[in-house]
Amino acid sequence: MIERQAFLLAAGVGSRLETLTRDKPKCLLPIHGKPLLQIWLELLRSQNVTQVLLNTHWLHEQVEAFVSYWQSYNTSPHVTLFHEPILLGSAGTILAKRDWITPGNPFLILYADNLTNVPVGRLIDRHLQHGLPFTLGVFRTAYPTQCGIAEIGPDDVVIGFEEKPTHPKSEWAAAGVYVADDRIFDMFPPFQDSDRRLDFGFHIIPRLLGKMKAYYIHEYLMDIGTPEAYSEALAAWQDRES
């Protein structure tokens with residue numbers, strides 16, 4: 001059985017959330033009494049993900065304490081912490097911890113500021129079926145000028161991608177829910193500037209055109225990155241659980 005591994009990217013400062021993240025990291029914001037990070041770990045456990053690499057930065061001590069608590073009661077998934085004194089960017093984290101990946105196996109790349117119930121195991125299955133280096137989870141957005149937008153061609157191959165386009169070519173936005181394998185590192189840009197963050201949306205996904213397929217997400221997914229989005233997510237999640 002293929003070991004399922006996931007990068008859970010949780011190091012962001014959460015500055016758009018204003019006072020909500022002044023004393024609490026974004027990944028520990030409560031969703032009806034349960035930290036967002038706990039929801040993620042429970043979802044990953046339900047999808048048979050056994051290994052998680054969690055990056056930290058802002059108020060990292062709180063995240064480390066929560067992970068210690070989690071692992072005292074749960075054997076799976078096992079969480080490896082990776083502290084970033086200086087943020088590396090979404091792709092920079094994966095590059096820095098390349099040795100953590102099991103060679104030849106697919107791995108998930110998940111943005112921890114999403115609240116979602118997407119069955120991520122299905123993305124892994126889809127990735128194994130199509131044979132390309134990358135699987136781009138996409139969702140339909142009502143605000144395409146505010147997202148990374150994918151242009152999807154025949155057989156779900158992604159043929160175009162642009163961050164926050166002035167003239168969007170579709171309503172399918174990158175979800176921050178991806179699968180890759182180690183072939184992706186062939187697509188990374190050559191620069192090794194330690195002062196420059198590597199971002200998937202700006203630096204990696206545009207280099208993968210024609211070499212990745214879209215996976216359409218129809219389950220609930222909300223980036224809680226603003227106070228308004230957080231409030232909307234709380235209401236929607238409560239309706240979902242009632």
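Author: Where H1 meets H2, the residues Leu 37, Gln 38, Leu 41, Glu 42 and Arg 45 of H1 touch Val 63, Phe 66, Val 67 and Trp 70 of H2. By class, this contact has 6 nonpolar, 1 polar and 2 charged residues. The model is a predicted one.

Reader: Which residues of H1 are buried?

Author: They are Leu 36, Leu 37, Ile 39, Trp 40, Leu 41, Leu 43 and Leu 44.

Reader: How do you know that Arg 4 and Asp 125 form a salt bridge?

Author: The closest N and O atoms of Arg 4 and Asp 125 are 3.4 Å apart. A salt bridge needs a side-chain nitrogen of Lys or Arg within 4 Å of a carboxyl oxygen of Asp or Glu, so the pair qualifies. By this rule the model has 10 salt bridges.

Reader: Why is Arg 4 called buried, and why is Asp 125 called partly exposed?

Author: Buried means under 20% relative accessible area, exposed means over 50%, and partly exposed lies in between. Arg 4 has 14%, so it counts as buried. Asp 125 has 36%, so it counts as partly exposed.

Reader: How do you know that Arg 122 and Glu 219 meet in a salt bridge?

Author: Their N to O distance is 3.8 Å, and the limit is 4 Å. Arg 122 lies in helix H4 and Glu 219 in the loop between strand E12 (212–216) and strand E13 (221–223), so parts 97 residues apart in sequence are tied together. Arg 122, at 49% relative accessibility, counts as partly exposed. Glu 219, at 27%, is also partly exposed.

Reader: What makes Asp 155 and Lys 213 a salt bridge?

Author: Their side chains meet at 2.7 Å, N to O, which is within 4 Å. Asp 155 is in the loop between strand E9 (148–152) and strand E10 (158–163), and Lys 213 is in strand E12, 58 residues apart. Asp 155 is exposed because its relative accessible area is 56%. Lys 213, at 8%, counts as buried.

Reader: Which residues of H4 are buried, and what do the buried residues pack against?

Author: Val 120, Gly 121, Leu 123, Ile 124, Arg 126, His 127 and His 130 are the buried ones. Their partners are H1, strand E6 (107–111), strand E8 (134–140), strand E11 (172–180) and E12. Just after H4, Gly 131 has a positive phi of about 80 degrees.

Reader: What makes the phi of Asn 48 worth noting?

Author: Most residues other than glycine have a negative phi. Asn 48 is not a glycine, yet its phi is positive, about 65 degrees. Asn 48 sits in the loop between H1 and strand E4 (51–56). At a relative accessible area of 45%, Asn 48 is partly exposed.

Reader: Where is Leu 59, and what is its phi?

Author: Leu 59 is in the loop between E4 and H2. Its phi is positive, about 50 degrees, although Leu 59 is not a glycine. At 22% relative accessibility, Leu 59 counts as partly exposed.

Reader: What does Asp 23 touch?

Author: Leaving out residues up to four places away in sequence, Asp 23 touches Leu 59 and Gln 62. Asp 23 and Leu 59 are 36 residues apart in sequence and 7.7 Å apart in space, C-alpha to C-alpha. Asp 23 lies in the loop between E1 and strand E2 (30–31). Asp 23 is exposed, since its relative accessible area is 58%.

Reader: What kind of peptide bond joins Ser 76 and Pro 77?

Author: It is a cis bond, with omega at about -5 degrees. Most peptide bonds are trans. Pro 77 is in the loop between H2 and strand E5 (78–83).

Notes
Residues numbered from 1 in each chain as written. Predicted model: local features only at pLDDT ≥ 70, side-chain atom pairs only at ≥ 80, totals over all residues. Heavy atoms only, no water. Contact = heavy atoms within 4.5 Å. Helix = DSSP H or I, 4+ residues; strand = E, 2+ residues; numbered from the N terminus. Nonpolar A, V, L, I, M, F, W, Y, C, P; charged D, E, K, R; others polar. Buried < 20%, exposed > 50% of the residue type's maximum accessible area, 1.4 Å probe, protein only.
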